[in-house]
Amino acid sequence: MSKTDDDGTGRVGDEGRAAQTDDGNVPIAEGVDHQVAMVMDLNKCIGCQTCTIACKTNWTESGGREYMYWNNVETKPGAGYPRDWEELGGGWDDEGQERTPGELPDEEAYGRPWEFNHEAIMYEGSDEPLRPMENADWGPNWDEDEGAGEYPNSYYFYLPRICNHCTHPSCVEACPRSAIYKREEDGIVLIDQDRCRGYRYCVEGCPYKKVFYNAQTKTSEKCIFCYPRIEGEGPEGEVRPPSCAEDCPPQLRHVGFLDDEGGPIHKLVNEYEVALRLHPEYRTEPNVYYIPPYAPPQTGDDGETVDADRIPLNYLEELFGPQVEEALNTITRERERAERGVESELMEILSTVNNDDQYRLEVFDDAA
Ligand code: SF4
Ligand code: SF4
């Protein structure tokens, strides 16, 4: 497994991955004791939105949060949520030093909650089909399962997204009141609701558009990495992974600390280098990582297998940077080893169904 050289800046290298520390690892932020992180295996996502609902019912059901999806699952290729978020700017310049301007998504880009004709159907005897009462032409997941490519070689995959709790967060530096901050014990990015004045510079500054403005409270809000759960503050008092991870039916998320050298996150990111950042060129250094998706090869007109990628490599590189080919090759190599009966630690990590192996949150006393 090759590693790119440290570029000496302590920030993101030319090839879009984080510069590495002397021991070859992805560094955590200065002033942070440990960094929580998540790895999502995109090969397991079935797009069921259980994670979306788990987050919504915990944190954003009402009070000006109706339009917010701190966890969303979008179809790629696709416009995503909010619509065309990848074109709205934010993040850092090529050197990772200056913030680049970002735009505020408008209400339409998030998708307004529609009123449906429930009343007519339920109480007025109407036999109309259930439908929105206004012209609905965009909403979250409007382009679900559309994807790209020509039949029979069309393709798509699901991309679950939460706040990345970045190491170099442009939302934090955008706030003139220091209301948004990275907490020292575990690097979770939080907004102090008492300090926030709702300027929304953080919304502009986040290139992933994962900070949301609450028009009722007039403050900004975002994913909190379910910190009460990882602090063991629930009714049973035990440390639990975030809801979006724990409730996922195929259990595709690993949660732990990036700097826990015995943990799965460290192995997937630093040792095997198969877990990659989304849009590393934004240079915020996300701490949510993805195992890139596989797809069957293309088929020809007569149904024969054609030696061509179904998901174009250049599209995966656009999303996950230039390491994606090497990451896929590593997984292929390890899978073939496992198929031959040779022990493969990587395949064991990726295929585990044991929650104790997937979630390692009680490693550091000072972070638990
Ligand atoms: S970590 Fe918690 S707050 Fe963040 S998206 Fe997942 S469920 Fe929502
Ligand atoms: S719950 Fe899991 S499988 Fe379902 S959409 Fe979310 S990440 Fe994908």
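**Cysteine 226 is a buried residue, with a relative accessible area of 7%.** Buried means under 20% relative accessible area, exposed over 50% and partly exposed in between, using a 1.4 Å probe and protein chains only. This is a predicted model, in which local features need pLDDT of at least 70 and side-chain atom pairs count only at pLDDT 80 or more, while totals for chains, interfaces and linings use all residues. Residues are numbered from 1 along each chain as its sequence is written, chains are lettered from A and ligands numbered from 1 in the order in which they are written, and side-chain values use heavy atoms, with hydrogens and water left out. Look for cysteine 226 in the loop between β7 (219-222) and α6 (227-230); helices (H or I, at least four residues) and strands (E, at least two) are DSSP runs numbered from the N terminus. Its phi is positive, near 50 degrees, although cysteine 226 is not a glycine.

**Here is the shell of residues around ligand 1, with cysteine 226 among them.** A residue belongs to such a shell if one of its heavy atoms lies within 4 Å of the ligand. Other members include Trp59, Trp70, Phe225 and Cys244. Both α1 (50-59) and α7 (243-246) supply at least two residues each. By class, the shell has ten nonpolar, two polar and no charged residues. Here Ala, Val, Leu, Ile, Met, Phe, Trp, Tyr, Cys and Pro count as nonpolar, Asp, Glu, Lys and Arg as charged, and the others, Gly among them, as polar.

**Now meet ligand 2, surrounded by 14 residues.** The closest are Cys45, Cys48, Gln49, Cys51 and Cys248.

**Arginine 310 is buried yet has no salt bridge.** A salt bridge would need a side-chain nitrogen of Lys or Arg within 4 Å of a carboxyl oxygen of Asp or Glu. The nearest side chain of opposite charge belongs to aspartate 309, 9.4 Å away; Lys and Arg count as positive and Asp and Glu as negative, with His and the chain ends not counted. Instead, follow the arginine 310 side chain to the backbone oxygen of proline 152 at 3.0 Å and to that of proline 296 at 3.1 Å.

Proline 152 sits in the loop between α3 (118-123) and β3 (157-161).

Terms used:
A polar contact is a pair of N or O atoms within 3.5 Å; within protein, one must be able to donate a hydrogen and the other to accept it, and residues adjacent in sequence count only if both atoms are side-chain atoms.
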